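Here is a short report on how the inside of one protein model is packed. Look over the sequence and the structure before reading on.

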Amino acid sequence: MKVAVAGCCHGALDKMYETLELLQRRHNVRPDLLLCCGDFQAVRNEADLRCMAVPAKYRHMQTFYRYYSGEKKAPVLTVFIGGNHEASNHLQELPYGGWVAPNIYYLGYAGVVRFRGVRIGGISGIFKSHDYRKGHFECPPYNQQTIRSAYHVRNIEVFKLKQLKRPIDIFMSHDWPRSIYHYGNKKQLLKMKSFFRQEVESNTLGSPAASELLQHLKPTYWFSAHLHVKFAAFMQHETNSKEELPKATKFLALDKCLPHRDFLQIIDVEHDPNAGDSLEYDAEWIAVLKATNSLINVTQSSWNMPEKNGLHAKWDYSVTEEAIKEVLEELNHDLKIPCNFTLTAACYDPSKPQKNMEPVHTINPQTTEFCAQFGLTDINDRIQQAKEEGSGRGECEEEEEEEMDSTGSAEEPSEYNTDNSGLSSFNPDEIMLDEEGGDEDLSTCSVDPSPDHPPEFSTSFSDIRIMPDSMAVSSDDATDSNNEELEKSGGSKQVEEKSSMERSLKRIGGDENGNSGVKKIKRRNQAIYAAEDEDK
């Protein structure tokens, strides 16, 4: 089965699907599934734009609304997770996952599904320690704090995923697992992104929660995005016993969706040839949701998940084969996810703009149906009840929260001793953009697994690479691949000329006066959010 994997989409669905169609026409390669690793931006209307944590000048409608309205349909089944630039009010309607448009499925805060026998999991958002132990309390209309905290990873989602025992084939996170850069060509990564050096050397780049999941789940593939650089790694996991078979994870981070950027990867994944073509529920995951339902928290009070420390009567919420069997029986062994997409908001009309449209807190029928079917708590319904009862600090109308600073002054001690969103403070791809500058692109921002195993380029087709059979990773002492070798592997004159131009450009480490505190870099990707945002 061919699986296409994309990095930060940033709402450019037309570009993404057109690239896949071009791949099919030129190379007769048609993916069976498309996975997107966050910053998908399922924006339906102007109200959704107001719920996206970016400066107003970067709030562009893009093209998702055409797929939401039915004007267009995704040509390939698309499964995505959330990032830190999303229409949070829209995705919040589907905490357990669901269809955001026909043929486009959101995995929820965390989720596991199956397609053709391949088990696919993911966790949405990015890590921030001061929100990690809180419940999902946010709801629209958001304030300056909750518009950000709404997409922060919570410990309950990590706890649920850690209850899984059966193997995971593919896992997605938006930010990178912390320490993963030690398992790839770190020299070349720092050559392309020198501003990551301090965090890499102090081992603070990336998400500790994602790293914990990587160590526990040991999936065959792990895909991420967020840092806008392509990077491959190969992690051999330690075995817990002599009986356990060795496991390894092939990690790949994808670039953002822009012309002439490596934002798509095609991989071949073993699948069940007898399985149907429908997206399916995962029985173990449903059983875990049922087992952990009592742990749902919709307040901003910090709390720890149950653990074996003498403070909890129960700490193991993993499920038995009997519990999984019960789920199968409830579904009559039909795990197909119903195609029950429903419009829950007005769709953007270019001829009738509504700039003053306000977001509202919506209960999505898909979530209502899912919770009723499996006996789960509808998180949004619980938040709504808390609002009405005045018993929770639902953040929807609490003025005092607006007085808190963006770092969360009410922070309590976290189980992690660092607070890092996974994005370098000096990443020019995300924050330090020279808005007065031109349209240069300083690098292709692609770090390959190894100079000995260059990826296979499609001729004259720089947006897509085909994953090679081998993803052996060079050590830190290996000779870095130079740009000529990287571009030669593609056989593309266009790419070679582009590389030559890029090599002539140099990064500027200081301002006009020679100050080195801030980097001002001219780049083509000014549309990628120069937010003065704590999550950058």
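## Rings and core

Tyr-17 and Tyr-67 are both buried. They belong to a predicted model. Their ring centres are 5.5 Å apart and their planes meet at 55°, so this pair is tilted. Tyr-17 lies in helix 1 (residues 13-27), while Tyr-67 lies in helix 3 (residues 64-69). The pair therefore ties together parts that are 50 residues apart in sequence.

A second aromatic pair joins Trp-176 and Phe-231, and this one is stacked. Trp-176 is in the loop between strand 8 (170-173) and helix 8 (186-192), and Phe-231 is in strand 10, so the pair ties together parts that are 55 residues apart in sequence. Trp-176 is buried, with a relative accessible area of 1%. Phe-231 is buried too, at 0%.

The two pairs compare as follows.

| Pair | Centre to centre | Angle of planes | Type |
|---|---|---|---|
| Tyr-17 and Tyr-67 | 5.5 Å | 55° | tilted |
| Trp-176 and Phe-231 | 5.4 Å | 15° | stacked |

The count of aromatic pairs comes to 19. Ring pairs also link a cluster made of Phe-40, Phe-64, Tyr-68, Phe-80, Tyr-106 and Phe-341.

Phe-231 lies in strand 10. Strand 10 covers residues 230-236, and five of its seven residues are buried. The strand is therefore largely enclosed by the rest of the structure. Strand 10 runs antiparallel to strand 11 (residues 248-253), and six bridges join the two. In one of these strands sits Ala-232, whose bridge partner in strand 11 is Leu-252.

## The nonpolar cores

In soluble globular proteins, nonpolar side chains tend to be buried together. Here the largest nonpolar core has 120 residues. Those with the most contacts inside it are Met-16, Tyr-17, Leu-34, Phe-40 and Ile-104. Helix 11 (residues 283-291) gives this core its largest share, six residues. Another core lies apart from it and has nine residues, including Leu-49, Met-61, Tyr-65 and Ala-87.

What does Ile-104 touch, leaving out residues up to four places away in sequence? Its contacts include the aromatic residues Tyr-17, Phe-40, Phe-64, Tyr-67, Phe-80 and Trp-99. Leu-13, Ala-74, Thr-78 and Gly-98 are also touched by Ile-104. Both members of the tilted pair, Tyr-17 and Tyr-67, are thus among the residues that Ile-104 touches.

Technical notes. Residues numbered from 1 in each chain as written. Predicted model: local features only at pLDDT ≥ 70, side-chain atom pairs only at ≥ 80, totals over all residues. Heavy atoms only, no water. Buried < 20%, exposed > 50% of the residue type's maximum accessible area, 1.4 Å probe, protein only. Helix = DSSP H or I, 4+ residues; strand = E, 2+ residues; numbered from the N terminus. Pairing = 2+ DSSP bridges. Core = buried A, V, L, I, M, F, W, Y, C linked by side-chain atoms within 4.5 Å. Contact = heavy atoms within 4.5 Å. Phe/Tyr/Trp six-rings, centres within 6.5 Å; stacked < 30°, edge-to-face > 60°.
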